[in-house]
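Here is a short briefing to read alongside the sequence and the 3D view. Take a moment to find your bearings, then work through the topics in any order you like.

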Amino acid sequence: MVRTVEQLLAEARRGLDRPDPLRARDELADGARLVDIRPAAQRAREGEIPGALVIERNVLEWRLDPAGSHRIPEAVDHDVRWIVVCSEGYASSLAAASLRELGLHRATDLDGGFVAWAAAGLPTSPVDQGLR
């Protein structure tokens, strides 16, 4: 069966409880982890969210799988609340669905992405070009 990208996106979003920026901020205060999957060039253009983990999309599953040999220290178990963020909330939905396939049952994405976060007046900062 051939599907369109819109169908794939709709399927990915089924079952995701996608927080808006204000709710995501509150979840972060309660221990959720924000993961920015945007490529370096996009982060350089748009800015970043202070405190977000930067894990580009191409290695996301390897870094967050708590059973994987390439996991990051924050990937302690399958119960971590991961909130994935991209620019506008499309690629992050597909990424969150992939994480759920790995058993990360609380994974989701930020509704509206970085653009919505910034529009809500939440903290952002320019990317420090010297550190990347």
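Helices (H or I, at least four residues) and strands (E, at least two) are DSSP runs, numbered from the N terminus. With that naming, S87 lies in the loop between β3 and α5. The model is predicted, so local features need pLDDT of at least 70 and side-chain atom pairs count only at pLDDT 80 or more, while totals for chains, interfaces and linings use all residues. Residues are numbered from 1 along each chain as its sequence is written, and side-chain values use heavy atoms, with hydrogens and water left out.

**The sheet**
- Four strands make an open sheet in the order β2-β1-β3-β4, with parallel pairing; two strands pair if DSSP finds at least two bridges between them.
- At the edges sit β2 (53–54) and β4 (108–109), each pairing on one side only.
- Strand β1 (residues 33–36) pairs with β3 in the parallel sense over four bridges, and L34 stands opposite I83 in β3.

**The nonpolar cores**
- A nonpolar core is a set of buried Ala, Val, Leu, Ile, Met, Phe, Trp, Tyr and Cys residues joined through side-chain atoms within 4.5 Å.
- Buried means under 20% relative accessible area, exposed over 50%, and partly exposed in between (1.4 Å probe, protein chains only).
- The largest core has 16 residues, and V35, I37, L60, L64, I72, W82 and L99 touch the most other members.
- Two or more residues of this core come from each of α4 (60–64), β3 (82–85) and α5 (91–101).
- A second, separate core of eleven residues includes A24, L34, V85 and L110.
- Contact means heavy atoms within 4.5 Å; leaving aside neighbours within four places in sequence, L64 is in contact with V35, I55, I72, A75, W82, L99 and L104.

- S87 is buried, with a relative accessible area of 9%.
- Beyond its neighbours within four places in sequence, S87 is in contact with R38, Q42, E46, G112, G113, F114 and V115.
- S87 and I37 are 50 residues apart in sequence and 8.7 Å apart in space, C-alpha to C-alpha.

**The largest pocket**
- A pocket is an open set of points on a 1 Å grid over the protein atoms alone, where a 1.4 Å probe fits, with protein on both sides within 12 Å along at least five of seven lines; lining residues have an atom within 4 Å of a point.
- Among the residues lining the largest pocket are L8, E11, R14 and L94.
- α5 gives the most to this lining, with five residues.
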